[in-house]
Amino acid sequence: MKTFSLAAGMTNMRGVFYPTGHMVLMFPTERDARYACELLRKDGVPDDDLCLCGPAEFERQITGATDEDDDVLLPSVGTESDTARRFRQLAHQGHHALMVHASAGTTSEHVLELLRDSRISYGQRYRPLVIEDLVDGSAH
């Protein structure tokens with residue numbers, strides 16, 4: 001499993017967290033996140049496509065990529081700033097992040113079905129021009 005590092009290509013042109021080609025799933029505990037990792041591994045997802053990040057580290061790394069102090073710029077046409085703030089808020093509350101590289105063969109539906117019994121608190125899939133809502137947290 002890879003270590004999370006906010007790398008080039010994980011932000012949009014404005015510097016907001018936008019890891020295109022990844023699913024970002026938040027879990028209330030490390031145990032929940034590790035359980036999800038194991039389910040994905042057993043299903044054939046390679047370790048190199050998984051990245052688990054603890055709350056403090058995830059919050060620290062995306063803090064500069066949330067657009068929170070950007071009141072003077074024009075509002076974004078998308079929801080990436082709100083989504084990044086939600087991830088940061090959950091990390092601040094102690095939730096663990098699991099990033100899954102979503103190759104063309106990895107459908108959101110398959111991952112959600114595989115993790116249906118997991119306690120996902122929030123989840124998004126980042127496509128080139130769209131953020132796909134996976135889990136909004138209201139059902140958990």
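This is a predicted model: local features need pLDDT of at least 70, side-chain atom pairs count only at pLDDT 80 or more; totals for chains, interfaces and linings use all residues.
The secondary structure comprises four helices and six strands. Along the sequence, these elements follow the pattern β-β-α-β-α-α-β-α-β-β. The protein has 140 residues, and 46% of them count as buried.

Helix 3 covers residues 80-92. At 1.5 Å a residue, the 13 residues of helix 3 should span 18 Å. An α-helix has 3.6 residues a turn, so residues three or four places apart point the same way. The buried residues of helix 3 are Glu-80, Ser-81, Thr-83, Ala-84, Phe-87, Arg-88, Leu-90 and Ala-91. Strand 2, helix 2, strand 5 (122-126) and strand 6 (131-135) are among the elements that cover these buried residues. Gly-94 follows helix 3 and has a positive phi, near 105 degrees.

Aromatic residues were considered next. A search of the whole structure finds seven aromatic pairs. One of them joins Phe-17 and Phe-87 in an edge-to-face arrangement. Phe-17 lies in the loop between strand 1 (2-3) and strand 2 (22-27), while Phe-87 belongs to helix 3. The pair therefore ties together parts that are 70 residues apart in sequence. Phe-17 and Phe-87 are both buried.

Phe-87 also pairs with Phe-58. The centres of these two rings are 6.3 Å apart and their planes stand at 90 degrees, so this pair is edge-to-face. It links distant parts of the chain, with Phe-58 in helix 2 (residues 55-62) and Phe-87 in helix 3, 29 residues apart. Phe-58 has a relative accessible area of 0%, so it is buried. Phe-87 counts as buried because its relative accessibility is 0%.

Phe-17, Phe-58 and Phe-87 belong to one aromatic cluster, which also includes Phe-4, Tyr-18, Tyr-122 and Tyr-126. Arg-86 lies over the face of Tyr-122, at 5.4 Å from the ring centre.

Charged pairs form the next group. Side chains of opposite charge can pair when their charged atoms come close. The count comes to ten salt bridges. One of them joins Glu-80 to Arg-14, with the closest N and O atoms 4.0 Å apart. Glu-80 lies in helix 3 and Arg-14 in the loop between strand 1 and strand 2, so this pair ties together parts 66 residues apart in sequence. Glu-80 has a relative accessible area of 11%, so it is buried. Arg-14, at 35%, is partly exposed.

A second salt bridge joins Arg-41 and Asp-47, whose closest N and O atoms are 2.5 Å apart. Arg-41 counts as partly exposed because its relative accessibility is 27%. Asp-47 is partly exposed as well, with a relative accessible area of 35%. Arg-41 and Asp-47 are linked with Glu-38 in a network of salt bridges. Elsewhere, the side chains of Arg-127 and Glu-132 meet in a salt bridge, at 2.8 Å from N to O. Arg-127 has a relative accessibility of 34%, so it counts as partly exposed.

Asp-49 presents another case. This residue is found in the loop between helix 1 (30-42) and strand 3 (50-53). Asp-49 is buried yet has no salt bridge. The nearest side chain of opposite charge belongs to Lys-2, 5.9 Å away. Leaving aside residues up to four places away in sequence, Asp-49 touches Met-99, Val-100 and His-101.

Terms used. Residues are numbered from 1 along each chain as its sequence is written. Side-chain values use heavy atoms; hydrogens and water are left out. Helices (H or I, at least four residues) and strands (E, at least two) are DSSP runs, numbered from the N terminus. Buried means under 20% relative accessible area, exposed over 50%, partly exposed in between (1.4 Å probe, protein chains only). Lys and Arg count as positive and Asp and Glu as negative; His and the chain ends are not counted. Contact means heavy atoms within 4.5 Å. Rings of Phe, Tyr and Trp (its six-membered ring) pair if their centres lie within 6.5 Å; planes under 30 degrees apart count as stacked, over 60 as edge-to-face and the rest as tilted. A charge sits over a ring if NZ of Lys or CZ of Arg is within 6 Å of the ring centre and within 35 degrees of the ring normal. The expected span of a helix is 1.5 Å times one less than its number of residues.
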